[in-house]
Amino acid sequence: MFIAFRREVEAALEAALDDLGYPTGDLGIEEPPADVPAVLASSVAFRLASDAQAPPPQVAGEIADAIDLSAADLVADVSTQGPYVNFTPSDAYFQGTLEDAQADEWGRLPDTGESVVVEHTSANPTGPVHVGRARNPILGDALARILDFAGYDVTKEYYVNDAGRQMAVFTWAYETFDESDLPEPERDKPDYDFVRYYRKGNEFLEEGDPAAVEEAEAEIASIIEGLDEGDEDTLERTSEVVDTVLGGMQETLGRLPAEFDEFVKETRFLRDGSTHEVVDRLQDSEYAFKEEGAWQLDLDDWDIEQSFVFLRSDDTTLYTTRDLAHHEWKFDSFDSAITVLGEDQELHANKLEAALDILGNDTDQLEAVFYAWVNLPGGESMSTRQGTGVDMDDLLDEAVNRAEDAVRSRLDDRIRGDDLTEADVERIARQVGIGAVRYDIVSKQPTKAITFDWEDALDFEGQSAPYVQYAHARACGISAEAGDLEPSLDAAPLDTQAERDLLEGIARFPAVVEAAAADREPHQVATFAREFVDTFNAFYRSCPVVSDDVDDDTAAARLALVDAARNTLANALGVLGIESPDSM
RNA sequence: GGGCACGUAGCUCAGUUCGGACAGAGCGUCUGGCUUCUAACCAGACGGCCGGGGGUUCGAAUCCCCUCGUGCCCGCCA
């Protein structure tokens with residue numbers, strides 16, 4: 001409704017400005033402060049004042065007088081408040097909102113007919129997922145959900161780096177060391193089991209006897225070479241390590257939940273020859289040169305000083321070379337490609353884009369979303385290789401445990417007589433605990449660095465997932481208490497300020513989805529959800545539904561309003577990847 | 001040294017694209033509110049030269065320039 005309202009305002013305002021002989025390039029449409037009883041306003045009078053040689057309020061009056069709302073259905077009235085031109089909603093706006101928001105998928109936008117691949121996480125399969133990388137799956141998964149809800153045909157991709165030096169080291173270490181030389185695994189899970197070989201291997205390469213290290217390096221080099229040539233035996237050796245570790249990581253990511261449509265392996269682009277074909281094409285390009293035995297690209301024309309090495313002096317390819325073939329596959333398969341990357345990848349991403357440009361691709365299809373690091377208190381960074389950092393499994397376990405404690409401590413002073421079963425307690429603990437972790441990360445601008453703090457991440461009060469989830473559970477509680485009362489889709493009785501504010505919030509939701517998708521900013525939905533709950537709680541406080549004090553028509557209409565609000569809450573949480581408990 | 005980000009209340013953050021109504025929340029502190037649809041909630045108080053300095057503008061947290069502080073990157077690693 002809000003989107004349609006905005007269209008009506010734009011049309012009416014543009015026509016009025018045109019009639020008055022004013023430019024229509026900038027309509028100055030904005031959302032007014034909360035205490036102004038308008039859905040949209042225009043500040044255009046400021047800009048026209050000097051042109052019109054009249055003070056802004058007078059120009060605003062002139063514009064308001066010229067606006068013809070006879071064709072508008074959702075805009076009831078236009079008025080001025082000082083220099084502002086305000087547009088207030090009609091009964092049809094509220095009525096339409098109440099009806100439309102009954103849909104389970106309220107907020108979903110029409111299909112765009114465009115496909116987009118969202119690549120996120122893509123952590124190297126070297127060991128357990130740690131919190132340092134947690135932003136990637138949480139942000140990426142939410143972004144994919146939002147784009148899906150905004151009408152895109154979304155494919156969620158995990159790009160598996162199974163061909164680089166890291167995997168060669170890992171494979172060599174797995175084949176070389178004996179389990180008896182390793183510490184106990186931190187968890188009975190394949191990724192925790194295998195990472196011990198990886199850490200042991202790296203330790204050996206850093207501190208081992210030089211002659212033995214040289215021998216090991218030769219073996220590692222032969223694995224890299226075998227992979228590069230697409231040698232089946234080598235692929236089989238590495239794939240045992242890759243698939244096992246990745247399986248463990250998937251299990252952890254699944255708890256968030258972050259699930260993928262495709263796991264695309266880097267080795268795929270070596271097997272099918274496309275990486276070497278890319279190398280051939282690059283060598284023929286005018287930007288290619290060979291220096292110290294390595295083939296590279298001069299990216300001066302893209303304002304990148306550093307050259308792009310695409311073939312080592314031993315003629316093997318690099319990660320970035322294979323990533324070029326990978327991205328050409330994306331361009332062939334989808335209309336556009338979004339990659340969620342740590343900010344440390346930015347230079348790499350820019351070089352990649354330049355090289356794709358050289359290869360003749362339309363790089364407008366490519367977009368990267370960057371996020372800043374999650375650090376440990378004290379400035380220590382998280383590393384799989386060194387084994388520093390907080391494992392995501394530990395964070396999620398702790399979150400669920402704390403949520404369970406919270407649920408149990410509240411059991412005694414619950415007013416409602418709905419006995420929660422043991423299964424309910426576990427369900428709520430999981431939904432709330434994991435929701436809190438997700439919300440803590442997804443609600444912030446990704447470009448801001450975060451210092452990980454257990455207390456902040458696991459705060460169940462205030463601006464948190466549980467705050468929004470609780471409102472949802474309350475809405476469910478009202479419906480459950482309503483008994484025989486049938487909801488009525490008549491907005492007329494909903495005439496108090498609290499009810500109108502709630503309807504206005506519901507109406508805005510699709511526009512929030514639209515903006516969050518267009519800007520690739522999931523946190524916009526999180527901000528909306530928090531603010532919407534404030535509105536819902538105000539309604540909850542002042543407008544009883546199931547009460548003897550309320551007449552039947554009003555109660556029935558309020559019940560429909562609660563349903564609409566519940567759908568809004570559930571879908572806002574849904575696109576953030578957070579569950580909506582029916583009870584808490 | 002160069003590039004990219006970030007700097008808003010004691011703390012954690014919205015708002016910055018695309019300048020516009022007195023700069024908003026939460027946490028913490030203080031005061032109140034559960035026999036009333038769930039108090040993981042609500043009402044109120046306290047708390048800001050929006051890092052600093054210039055500039056553009058009728059108007060700047062928002063745009064431009066300079067400066068200070070912090071993070072990330074600058075490999076024939078990924």
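You're looking at a predicted model, where local features need pLDDT of at least 70 and side-chain atom pairs count only at pLDDT 80 or more, while totals for chains, interfaces and linings use all residues. Residues are numbered from 1 along each chain as its sequence is written, chains are lettered from A and ligands numbered from 1 in the order in which they are written, and side-chain values use heavy atoms, with hydrogens and water left out.

**Stop 1: the whole chain**

Show chain A as a cartoon. Its C-alpha atoms fill a box of roughly 85 × 65 × 40 Å along the principal axes. Of its 584 residues, 54% are buried. The cartoon has 20 helices and 14 strands; both are DSSP runs numbered from the N terminus, helices being H or I with at least four residues and strands E with at least two.

Now colour by domain: domain 1 is 2-89, domain 2 is 120-375 and domain 3 is 403-575. Those bounds come from an automatic or database domain assignment. Between the C-alpha centres of domain 1 and domain 2 there are 53 Å.

Among chain A contacts with a separation of 6 or more, 76% are between residues 24 or more positions apart.

**Stop 2**

Select the strands in the order 7-6-5-11-12: they make an open sheet with parallel pairing. Strand 7 (262-265) and strand 12 (366-371) are the edges, each pairing on one side only. On average, neighbouring strands here are turned by 30° against each other, direction ignored. Two strands count as paired if DSSP finds at least two bridges between them.

Zoom in on strand 5 (residues 115-119) and strand 11 (residues 336-342), which run parallel and are joined by four bridges. Val116 is a handy landmark, standing opposite Ser336 in strand 11.

Helix 9 (residues 232-254) touches strand 6 (153-160) and strand 7, and its direction makes about 135° with that of strand 6. Helix 13 (residues 346-358) touches strand 11 and strand 12, at about 175° to the direction of strand 12. For these angles, axes are lines fitted to C-alpha atoms (for helices over the stretch in contact), and values run from 0 to 180 degrees between N-to-C directions.

**Stop 3: Asp391**

Select Asp391, in the loop between strand 13 (374-375) and helix 14 (392-411). Is Asp391 buried or exposed? At 10% relative accessibility, Asp391 is buried. His130 is 261 residues away in sequence, yet the two C-alpha atoms are 4.1 Å apart. Leaving aside neighbours within four places in sequence, Asp391 is in contact with Pro128, Val129, His130, Val131, Glu186 and Tyr192.

**Stop 4: salt bridges**

Here a salt bridge is a side-chain nitrogen of Lys or Arg within 4 Å of a carboxyl oxygen of Asp or Glu. By that rule the count is 35.

Start with Asp26 and Arg47, whose closest N and O atoms are 2.6 Å apart. Asp26 sits in the loop between helix 1 (2-20) and strand 1 (29-30) and Arg47 in helix 2 (residues 44-52), so this pair ties together parts 21 residues apart in sequence. Asp26 is partly exposed at 43%, and Arg47 is partly exposed at 39%.

Jump to Asp91 and Arg500, bridged at 4.0 Å, N to O. Asp91 is in helix 4 (residues 91-100) and Arg500 in helix 18 (residues 497-519), so parts 409 residues apart in sequence are tied together. Asp91 is exposed at 61%, whereas Arg500 is buried at 17%.

Finally, select Arg187, Lys189, Asp191, Arg255, Asp393, Asp394 and Asp397 together: salt bridges link them in a network.

**Stop 5**

Select residues 468-584, which an unreviewed UniProt entry lists as "domain: DALR anticodon binding". UniProt positions are given in the numbering used here, feature names are shortened, and annotations may be inferred rather than shown by experiment. This stretch is 69% helix and 0% strand, with its end C-alpha atoms 11 Å apart.

Technical notes
Contact means heavy atoms within 4.5 Å. Buried means under 20% relative accessible area, exposed over 50%, partly exposed in between (1.4 Å probe, protein chains only).
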